[in-house]
Amino acid sequence: MKQVLLLSYVFLFLLGCNQNSTKQQLIEIDSIAIQEGDTKALELINKIEPEMIDDEECLAYYWLLKIRSEIRLQKRIKSAAPLEIPINYYKHNHNYGNLVRAYGYKAQILIDIGDIKNASTSLKEAELLIKRLPNNPELANHIYYNLSNINYKAKEYDLALKYCKLSLKASYQMNSKPNMVYALMGIYSIYADIENKDSSNYYLQRCIYQLNDIPKSNRSPFYANIGNAFIDKDIKLAEDYLNKSVEIKPNEFAYRGLARVYYKKGERDKAVEMWHKALKTDNLYLKEEILQALYDSQREEGAYKEACETAMQIAELKDSIALKEKEEDIRGLQEQFEQDQKRKEERHLFYVVVSAICVFLLIAIATSVYLLYRNTKGKKKLAETIRHLEGYRQQLKVLEQEGKSDSKEVEKLHQKIAKLQARQGALLQNGKDRYEEIAQGGTTLRWSRSDFDDCIEYYRTVDTSFVTHMEQDFRHLSSKYIFFALMEHLGKTDEELQHMMAISQNTIRSYRSRINKAQITT
């Protein structure tokens with residue numbers, strides 16, 4: 001048995017050591033990615049087998065680092081499924097920074113494989129969390145820039161502009177010049193598409209001015225956009241930029257621009273060649289634009305058969321675009337997400353308010369029960385004191401009638417009465433003060449319920465029979481009604497009652513009616 005326990009302890013120790021070792025490896029790989037680049041980091045992380053990782057934290061960290069390196073190295077990732085591991089772990093442990101990263105990487109993969117709908121949802125989830133990370137502009141920029149791209153591709157230009165400007169703001173906060181240029185180019189593209197010439201020209205000039213802030217290897221899309229912008233202004237400059245773009249990385253936007261350049265120069269064959277290269281794009285809107293340009297060219301050249309075939313392609317493509325827009329409904333999806341979130345927040349607020357009200361009511365009930373208990377206990381104690389006083393006074397009367405006024409027994413009774421009166425005075429001082437206040441012409445306007453209670457209890461010591469009569473011969477009268485009856489008992493006029501209780505004549509009639517109805521008839 002001891003051997004089994006010893007082996008168990010050794011196994012657990014080795015397992016713990018292995019987990020700590022894996023975590024340390026991942027931390028070092030994360031550091032290497034910063035210092036030596038993602039190629040080296042990915043090489044090291046691929047040597048770790050995820051099936052051998054038993055610790056949830058290490059497994060989440062592993063997939064986050066692996067996917068990050070693959071995205072940065074522009075690897076083709078077929079599925080975002082592995083990211084569910086870090087998403088679930090970081091969500092459960094409220095690690096909002098890594099959770100936003102995981103959502104962002106998931107969105108990028110989904111965009112690449114064409115699942116724009118789920119990519120949008122992932123980015124909206126991340127956007128919610130950004131509010132909890134006000135001092136992390138790097139993550140904010142990453143999420144806002146991707147949200148801008150999704151909306152731009154869906155031609156939701158107002159949303160695209162909103163997020164691109166947020167991305168630009170985050171870029172300034174993190175003082176990242178490359179990210180500034182990406183955001184500036186995004187804003188330019190939006191303004192160019194909605195034909196806002198003044199704004200598009202302004203942001204284009206800013207992009208050109210800051211173009212050296214990004215590595216040359218990343219400038220292909222920038223050169224393509226700049227080239228397309230100059231086609232109608234300086235065709236030679238436009239062609240130079242477009243060729244630079246293709247040299248760095250062949251892309252449909254540069255081919256589209258070159259087709260326009262060649263067509264304007266009268267080199268139709270080259271233009272057609274570029275159009276056909278550009279048609280390999282997955283961007284349906286761009287494909288429609290290129291087919292339309294090709295169709296116009298064919299009609300001008302009198303190639304009506306080719307133009308007819310192209311027109312049919314355009315019609316089919318329009319149907320595909322309409323179906324895609326209906327299925328994805330990027331704006332509707334985002335609005336629905338925000339509405340659902342708003343309802344969640346409203347429900348949460350409702351539960352908080354209801355909980356607060358329940359707590360308040362419980363406190364109020366507990367306080368009321370305690371005060372009732374305390375008042376009941378006080379009244380019982382007071383009633384006991386009054387009974388003792390009445391008893392001692394009766395005994396004194398009997399002794400005086402017997403001619404024993406100077407006896408020791410009488411002296412003891414006087415001492416007992418003095419003690420009870422002192423205790424009675426401490427209990428009823430407030431009631432006495434309130435009673436004298438009324439006697440001197442005061443009002444009950446600022447009296448609390450306990451003030452009425454104390455006043456009645458004080459008067460009990462003056463006229464026990466009246467208070468007992470009101471309690472025993474009337475059903476459920478509050479101290480305020482008994483006080484009213486007491487004042488009438490003392491001969492107060494209606495005018496005096498109106499003054500002291502700050503009530504109207506109608507209220508006086510209502511008080512009398514309530515008291516009469518409460519009287520117990522035998």
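1. Basis of the values. The model is predicted, so that local features need pLDDT of at least 70 and side-chain atom pairs count only at pLDDT 80 or more, while totals for chains, interfaces and linings use all residues. Residues are numbered from 1 along each chain as its sequence is written, and side-chain values use heavy atoms, with hydrogens and water left out.

2. Overall make-up. The protein has 23 helices and zero strands, where helices (H or I, at least four residues) and strands (E, at least two) are DSSP runs numbered from the N terminus. Of the 522 residues, 39% are buried; buried means under 20% relative accessible area, exposed means over 50%, and partly exposed lies in between, with a 1.4 Å probe and protein chains only. Among the contacts with a separation of 6 or more, 56% join residues 24 or more positions apart, a contact being heavy atoms within 4.5 Å.

3. Helix α8. An α-helix has 3.6 residues a turn, so residues three or four places apart point the same way. After α8 comes asparagine 175, which has a positive phi near 55°.

4. Helices α5 and α6. The axes of α5 and helix α6 (residues 116-130) come within 8 Å and cross at roughly 160°, the axes being lines fitted to C-alpha atoms, for helices over the stretch in contact, and the angles running from 0 to 180 degrees between N-to-C directions. That makes α5 roughly antiparallel to α6, since angles under 35 degrees count as roughly parallel, over 145 as roughly antiparallel, 65 to 115 as roughly perpendicular and the rest as oblique. The crossing of α5 and α6 is left-handed, a term used if the near helix is turned anticlockwise from the far one by less than a right angle, with right-handed used if clockwise. The residues that meet include Tyr96, Leu99, Tyr103 and Leu110 in α5, and Ile116, Ala119, Leu123 and Ile130 in α6.

5. The largest nonpolar core. A nonpolar core is a set of buried Ala, Val, Leu, Ile, Met, Phe, Trp, Tyr and Cys residues joined through side-chain atoms within 4.5 Å. The largest one has 52 residues, and Ile187, Ile226 and Trp275 touch the most other members. Helix α9 (residues 177-193) gives this core its largest share, nine residues. A second, separate core of 50 residues includes Ile45, Leu64, Ile143 and Ile330. In soluble globular proteins, nonpolar side chains tend to be buried together.

6. Helices α9 and α11. These two helices pack at an angle of about 35° with their axes 11 Å apart, and the crossing of α9 and α11 is left-handed. The contact is made by Val181, Tyr182, Met185, Tyr188 and Ser189 of α9 with Phe222, Asn225, Ile226 and Ala229 of α11. Leaving aside residues up to four places away in sequence, isoleucine 226 touches Met185, Leu204, Ile208, Leu211 and Tyr241.

7. Two loop residues with positive phi. Glutamine 74, in the loop between α3 (56-72) and α4 (84-92), has a positive phi of about 60° although it is not a glycine. Histidine 94, in the loop between α4 and α5 (96-112), has a phi near 55°, a positive value in a residue other than glycine. Glutamine 74 counts as exposed because its relative accessibility is 63%, and histidine 94 is exposed because its relative accessible area is 53%.

8. Buried or exposed: how does threonine 444 count? Threonine 444 is buried, because its relative accessible area is 5%. This residue lies in the loop between α18 (408-439) and α19 (449-462), and, not counting residues up to four places away in sequence, threonine 444 touches Ile438, Phe452, Phe483, Met500 and Met501. Serine 217, in the loop between α10 (197-209) and α11 (220-230), counts as exposed at 55% relative accessibility.
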